[in-house]
Amino acid sequence: MGANIKALLRDQRIETPSWAYGNSGTRFKVFAQPGVPRTVEEKIDDAAQVHAFTGVAPTVALHIPWDRVDDYGKLAKYAENAGVGLGTINANVFQDDDYKLGSVTNPDPRIRRKALAHLLDCVDIMDATGSADLKLWFSDGTNYPGQDDIRDRQDRLAEALHAVYERLGDDQRLLLEYKLFEPAFYTTDVPDWGTSYAHCLELGEKAAVCVDTGHHAPGTNIEFIVAFLLRAGKLGAFDFNSRFYADDDLMVGAADPFQLFRIMYEVVRGGGYDPAAGVAFMLDQCHNIEAKIPGQIRSVCNVQEATAKALLVDRVALGEAQRSGDVIAANDVIMDAYNTDVRPLLAELRAEAGLDPDPVAAYRRSGYQERIVAERVGGTQAGWGA
């Protein structure tokens, strides 16, 4: 069993986001840290460190325009030389004054055209970087009853999504993310997985749902959503993070590691862990008070641990207990896997790959953090621009 699990874990891939290495904070304050990247190249350098110490984070996602450059082919080559690749392209149609009343759902056709042009530009960037996935999240919505027509906004959204979908290449996908609220407080145009699923179903096979683990109401059974979407063939990606109340974007597995395990079990059970399923696993976190690179390394390790525990579930015993109606025995199977300490297994796996068994400790000993603090002086630190 251990050898088989290790073989599966060797194939695990977890993408890290470029913006996680920049300064971030709350709506009240962005907290600067020494050594934070000033360019997208320096973000890539930091992402390469995460991969070097974990061995399972070979790509970094870009956010446009935060990571805009003149030559994306050159940037892809830079990433390759650093030891990683460029992954998902994330569009940004929420930080421009024009988007106060929405982007692709805005009642003003000029602003809708502007937003759509940006989305199509992101597909051009995908062509240049070789990226397969375009991730779309819209802050569009309304704050007050009567502010705009709810149905019209869905029509505008569908029109924009169809235009982007038609522009995609044969090997490219559209991933539609959803979020319960914020910054729109009355209606959000893509508020839940059902809305995203309905639009993706209408678009076609190159469109799938992105599940952000922080974008749900408290108490939502996220693993049910995962199971449903896998069954329908419409689970395209995860944005992993933790939250206590809303979209806190804390380190994944920090708030409720048992929930992360339950999610990963449904991924394994539904075939989503098979590379052929095309489910992309990415971190989407803001390290506001903790150090950036160790925060990403710790998060990657947390996903690895949850996955290893999910792979340990005795599915034969679980099936027998379920068929016989033995509720306690079925739950025992789940809890036995969750309560197993998989850290020795993962340490052994890393050692076999020539990596340090403790990636966070190894990074701290490497001297990289001290070096970037000393070298990255002057210029403008990267941040998400709030």
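Trainee: Which residues does Asp247 touch, not counting residues up to four places away in sequence?
Mentor: Contact means heavy atoms within 4.5 Å of each other. With residues up to four places away in sequence left out, Asp247 touches Lys179, Glu182, Asp212, Gly214, His215 and Asn241.

Trainee: Before we go on, what kind of model is this?
Mentor: Residues are numbered from 1 along each chain as its sequence is written, and side-chain values use heavy atoms, with hydrogens and water left out. Local features need pLDDT of at least 70, side-chain atom pairs count only at pLDDT 80 or more, and totals for chains, interfaces and linings use all residues, since this model is predicted.

Trainee: Back to Asp247: is it buried or exposed?
Mentor: Asp247 is in the loop between β11 (235–240) and α8 (257–269); helices (H or I, at least four residues) and strands (E, at least two) are DSSP runs, numbered from the N terminus. Buried means under 20% relative accessible area, exposed over 50%, and partly exposed in between, with a 1.4 Å probe and protein chains only. Asp247 has a relative accessible area of 19%, so it is buried.

Trainee: With which side chain does the side chain of Asp247 make a polar contact?
Mentor: A polar contact is a pair of N or O atoms within 3.5 Å; within protein, one must be able to donate a hydrogen and the other to accept it, and residues adjacent in sequence count only if both atoms are side-chain atoms. At 3.2 Å, the side-chain partner of Asp247 is His215.

Trainee: Which strands stand at the edges of the sheet?
Mentor: Eight strands make an open, parallel sheet in the order β1-β4-β5-β6-β8-β10-β11-β12. An edge strand has a single partner, so one side of it is left without a neighbour in the sheet, and that goes for β1 (16–17) and β12 (280–283).

Trainee: How many bridges join β4 to β5?
Mentor: Two strands pair if DSSP finds at least two bridges between them. For β4 (residues 59–64) and β5 (residues 85–91), which run parallel, the bridge count is five.

Trainee: What about β11: is it buried or exposed?
Mentor: β11 runs parallel to β10, joined by four bridges, and in β11 the partner of Cys210 is Ala237. Six of the six residues of β11 are buried, so the rest of the structure largely encloses it: buried.

Trainee: At what angle do α2 and α9 pack?
Mentor: Asp46, Gln49, Val50, Phe53 and Thr54 in α2 meet Ile293, Gln296, Ile297, Val300 and Gln304 in α9. Axes are lines fitted to C-alpha atoms, for helices over the stretch in contact, and angles run from 0 to 180 degrees between N-to-C directions. The axes of α2 (residues 40–54) and α9 (residues 292–312) lie 9 Å apart, at an angle of about 40°.

Trainee: How are α5 and α6 set relative to each other?
Mentor: Their axes come within 10 Å and cross at roughly 45°. Angles under 35 degrees count as roughly parallel, over 145 as roughly antiparallel, 65 to 115 as roughly perpendicular and the rest as oblique. So α5 and α6 are oblique.

Trainee: What relative accessibility does Leu134 have?
Mentor: Leu134 lies in strand β6. Leaving aside neighbours within four places in sequence, Leu134 is in contact with residues including Ile89, Leu119 and Val164. Leu134 counts as buried, at a relative accessibility of 0%.
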